[in-house]
Amino acid sequence: LGGRILAVADVYDALTSDRPYRQGWPHERAAEYLAKEAGTHFDPAVVDAFTRVVARDPSLCADNVRTDTDAAAIADDINRASFE
């Protein structure tokens with residue numbers, strides 16, 4: 001189950017992230033791709049759960065992710081906490 005969850009999360013992240021060779025997809029397009037591939041490439045129950053979680057908390061979708069500056073500050077906080 002963990003691997004199936006990570007597969008959905010990893011592909012979603014890859015699709016919605018900017019790459020040097022292409023712009024990241026918006027959430028809606030990535031979600032449509034996951035739904036289309038559910039049952040062949042992805043576990044349909046995992047895709048359904050992912051869709052429900054993001055619908056319940058839209059701040060989790062790629063269109064609402066934190067900026068790189070915020071991510072760097074959060075990573076610094078986590079790093080400092082590991083030394084405590």
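**Figure 1. How much of the chain is tucked away.** Of the 84 residues in this protein chain, 23% count as buried. Keep in mind that this is a predicted model. The chain has four helices and zero strands, so if you read along the sequence you get the pattern α-α-α-α. The accessible surface comes to about 6,100 Å², and carbon and sulfur atoms own 55% of that. Now look at contacts between residues with a separation of 6 or more: 41% of them join residues 24 or more positions apart.

**Figure 2. The largest nonpolar core.** Twelve residues make up this core: V8, V11, Y12, L15, W25, A30, L34, F42, V46, V47, V54 and C61. Helix 1, helix 2 and helix 3 are the elements that give two or more residues to the core. Helix 1 hands over the largest share, with four residues. Zoom in on C61, one of the core residues. Leaving aside residues up to four places away in sequence, C61 touches Y12, H27 and V54.

**Figure 3. Helix 2 and its buried face.** Helix 2 runs over residues 27-37, and its buried residues are H27, A30, A31, L34 and E37. Look down the axis of helix 2 and these buried residues fall within an arc of 130°, so they line one face of the helix. What do the buried residues of helix 2 pack against? Their partners are helix 1 (2-16) and helix 3 (44-56). Just after helix 2 comes G39, which takes a positive phi of about 95°.

**Figure 4. Helix 3, from end to end.** Here's a quick check you can follow yourself. Helix 3 has 13 residues, and at 1.5 Å a residue they should span 18 Å. The end C-alpha atoms are 18 Å apart, which agrees. At the start of this helix, a side-chain oxygen of D43 reaches to within 2.8 Å of the backbone nitrogen of A45.

**Figure 5. The two sides of helix 3.** Which residues of helix 3 are buried? They are V46, V47 and V54. These three cover an arc of only 100° around the axis, which puts them on the same side of helix 3. Helix 1 and helix 2 are among the things that cover them.

Notes. Residues are numbered from 1 along each chain as its sequence is written. This is a predicted model: local features need pLDDT of at least 70, side-chain atom pairs count only at pLDDT 80 or more; totals for chains, interfaces and linings use all residues. Side-chain values use heavy atoms; hydrogens and water are left out. Buried means under 20% relative accessible area, exposed over 50%, partly exposed in between (1.4 Å probe, protein chains only). The arc is that of the directions from the helix axis to the C-beta atoms. Contact means heavy atoms within 4.5 Å. The expected span of a helix is 1.5 Å times one less than its number of residues. A polar contact is a pair of N or O atoms within 3.5 Å; within protein, one must be able to donate a hydrogen and the other to accept it, and residues adjacent in sequence count only if both atoms are side-chain atoms. Accessible areas come from the Shrake-Rupley method with a 1.4 Å probe; for residues, only the protein chains shown count as cover. A nonpolar core is a set of buried Ala, Val, Leu, Ile, Met, Phe, Trp, Tyr and Cys residues joined through side-chain atoms within 4.5 Å.
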